[in-house]
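Please open the model in a viewer and keep the selection panel at hand.

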Amino acid sequence: MFLKLPVQYITTNVHNTVFILNTVILIIALIVVELVYAETPKKNRVHLKYFAPLFLVLIGLLIYAAYKQAGVAS
Amino acid sequence: MSIDTITQSIKESSVFDSIKTSYLKVTKGLKKTYRQSLATVKKSSYAKVTQSISKSIRKEVKSLKPYFKDFWIFGIIVAVIVATQVTLAVTTIGGIYVNAAAFLILIGLALWKERARALAISAAILPVANMISLALPQSTEFAQTVVFYDSILVLALIYRFMFVLDQPLKETKLGKLGYLTVLPLMAIIGQVLGVIGYLMLRHHYPFDHTSLPLVAACVVVFALAEEIYFRGLIQQRGSVLFNPVLAAILSLILFVFSTIGHVLILVPIFALILGIALVTTYFKKQNLILTFTINAVTKLAYIGLMAGFIFH
């Protein structure tokens, strides 16, 4: 009935793994965009906008992680 | 001369032998021709039957082809989402890796096949919502669920807006009379499903220690998020790519596996019952208001029954 994250406890370990993988995905995404679209004519690049919201979310999560790290460090 | 003598002489004469030989020859020839013609008839009828069977099989397979068009895309999406949800339920850290892999596979599919792009990106919302929820741990299960639903709602709304801008949807609005007659019916279906939900899940209420009015207000938003995502994006985009029945099955599978937990099997079973009602309604009418009414009334009826019989 209710959608849920099928995880019982989110520990620090889980938290760190998510952020590391998030960074890896962002780097892979940047490489793919560079490799696939750098040579594509501009008029064919319009559908790139479809990927923007997902990657903006990942960037947002990274900024949050950096903010949390800074909070812990200080 | 007696008759016996005459018969004996005929028997002994060469005329009888020649008649006998020619008779045997003729019968032998006839038998051979009969056997040959029988074999030919058998062979031709057998060939005809097998030919007609293979022809009808080929025809059936050909007629089934449109139903299984792009079935491999359906298979990939189902496999990655099911693998993610099940692994997350079994082992969290392993599940996070599978979740990241699922996200990359779906984005790769979207980049590779232009016709699968909208559906693959829509399906990728689920791994991203998992990632957001895992990155923002909350103190209560209710707050965690709110984060999960809100991320799905926001992304689903953005993508619906983007896809609808590109491809105008078919007009599925009902008239005033239509809404007046159909909405109460949907509310009744929702009430019935809510009672079934209460009977199945009354001992497994997930939001203890949270005020009931707040939960009641939020479940309406939860229903909206579910409908916009599962029916409005997955099923709608799926029916552009596949046969609508296959799109409905895809939406149902994703819905059921998104409710999977680490212990309880009753929630996915109830989600299956609710999902069948919702996908069938959307399949028949393509109207989100109707499915939203069923979903919201089901959740509200469940919360109401819990408040009336369990918490009072």
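Two residues are in contact if their C-beta atoms, placed from the backbone, lie within 7 Å. The model is predicted: local features need pLDDT of at least 70 and side-chain atom pairs count only at pLDDT 80 or more, while totals for chains, interfaces and linings use all residues. Residues are numbered from 1 along each chain as its sequence is written, and chains are lettered from A and ligands numbered from 1 in the order in which they are written.

Begin with the contact between the two chains: select 46 residues of chain B and 29 residues of chain A. On the side of chain B that touches chain A, at least two residues each come from α3, α4 (92-112), α5 (117-135), α6 (141-166), α7 (176-201), α8 (212-241), α10 (266-285) and α11 (288-310). Helices here are DSSP runs of H or I with at least four residues, strands are runs of E with at least two, and both are numbered from the N terminus. Select α5(B) next, for this helix gives the largest share of that side, 10 residues. Colouring the side of chain B that touches chain A by class shows 32 nonpolar, 11 polar and three charged residues. Ala, Val, Leu, Ile, Met, Phe, Trp, Tyr, Cys and Pro count as nonpolar, Asp, Glu, Lys and Arg as charged, and the others, Gly among them, as polar.

Of its 74 residues, 22% count as buried, that is, with 20 or more other C-beta atoms, placed from the backbone, within 10 Å of their own.

Turn to chain B, which has 11 helices and zero strands. Its C-alpha atoms fill a box of roughly 135 × 45 × 45 Å, taken along the principal axes. Colour domain 1 (3-65) and domain 2 (69-310) separately; such bounds come from an automatic or database domain assignment. The C-alpha centres of these two domains of chain B lie 71 Å apart.

Finally, select helix α3 (residues 71-90) and helix α9 (residues 244-258) of chain B, whose axes are 9 Å apart at an angle of about 10°. The two helices, α3(B) and α9(B), are therefore roughly parallel to each other, a term for angles under 35 degrees. Among the residues making this contact are F74(B) and I77(B) of α3(B) and L250(B) and F257(B) of α9(B). The contact of α3(B) with α9(B) comprises 10 nonpolar, two polar and no charged residues.

How values were computed. A residue is buried if 20 or more other C-beta atoms lie within 10 Å of its own, exposed if 12 or fewer, and partly exposed in between; C-beta atoms are placed from the backbone. Axes are lines fitted to C-alpha atoms, for helices over the stretch in contact, and angles run from 0 to 180 degrees between N-to-C directions. Angles under 35 degrees count as roughly parallel, over 145 as roughly antiparallel, 65 to 115 as roughly perpendicular and the rest as oblique.
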